[in-house]
Amino acid sequence: MSSPEVGHPPSTAADTGRRITVLDSAMVTFARFGYRKTSMEEVARAAGISRPGLYFLFSSKETLFRAAVTQALNRDVTAVEHVLADTGRPLSERLVEAFDQWAGRYIGPLASDVAMVIEDNPDLLGEIIETPRRRFEELITDAVAITSGREAAPLVAQTMISASIGLKHQVASREVYLERLRVAIDLLLR
């Protein structure tokens, strides 16, 4: 396994914005074609930069892929943190929205390709995927502990996560996922 190198660090705000755009374009391209069939040329074209410009930012396709997944997962975890921190809303509502940010938005014909390209390449990602997953579980556990108690919280959180994973593979739309997840969360919080 190679090091978790993510390319050259951005030096200015414009470089950071460009890097974010390139990584977003890369994620869409990887989702569309799969990791193995995606070329650096296709990513460069999607990002609107030259292939040498892409190689300046990312030394290899593997480095680019790892950086794109890292950005997507970090964005998801940050969104979950913000949703759960809004304690002015009912817990069940915050949990449903947190799961929507983490998994729900990846349900549907086009969005599911992003999740699939991540799930289909564990050998390339290793800890890159495991760290955000553990953080998500910690966030859900901490949120649930308020009503379920510290002792029961890990089991309740893991059961919610299992329900979410199962639903994600059973339903065809985000709306149905959220509807059924609401039922599961309400039952688990009783």
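What is the mean pLDDT of the protein chain? The mean is 88, and 91% of the residues reach 70 or more. pLDDT is the predictor's confidence in each residue, from 0 to 100.

This is a predicted model; local features need pLDDT of at least 70, side-chain atom pairs count only at pLDDT 80 or more, and totals for chains, interfaces and linings use all residues. Residues are numbered from 1 along each chain as its sequence is written, and side-chain values use heavy atoms, without hydrogens and water.

Among the elements of the chain, helix H6 (residues 112–119) has the lowest mean pLDDT, 74. Helix H5 (residues 91–102) has the highest, 97. Over residues 1–6 the pLDDT is below 50. Where pLDDT is low, the predicted coordinates should not be read in detail.

Two helix pairs follow. Helices are DSSP runs (H or I, at least four residues), numbered from the N terminus. Axes are lines fitted to C-alpha atoms over the stretch in contact, and angles run from 0 to 180 degrees between N-to-C directions.

| Pair | Axis angle | Axis distance |
|---|---|---|
| H9 and H10 | roughly 160° | within 10 Å |
| H5 and H10 | about 140° | 10 Å |

H9 and H10 are therefore roughly antiparallel (over 145 degrees).

Contact means heavy atoms within 4.5 Å. H5 contributes Leu 91, Ser 92, Leu 95, Val 96, Phe 99 and Asp 100 to its contact with H10. From H10 come residues including Arg 174, Tyr 177 and Leu 181.

Notes
Angles under 35 degrees count as roughly parallel, over 145 as roughly antiparallel, 65 to 115 as roughly perpendicular and the rest as oblique.
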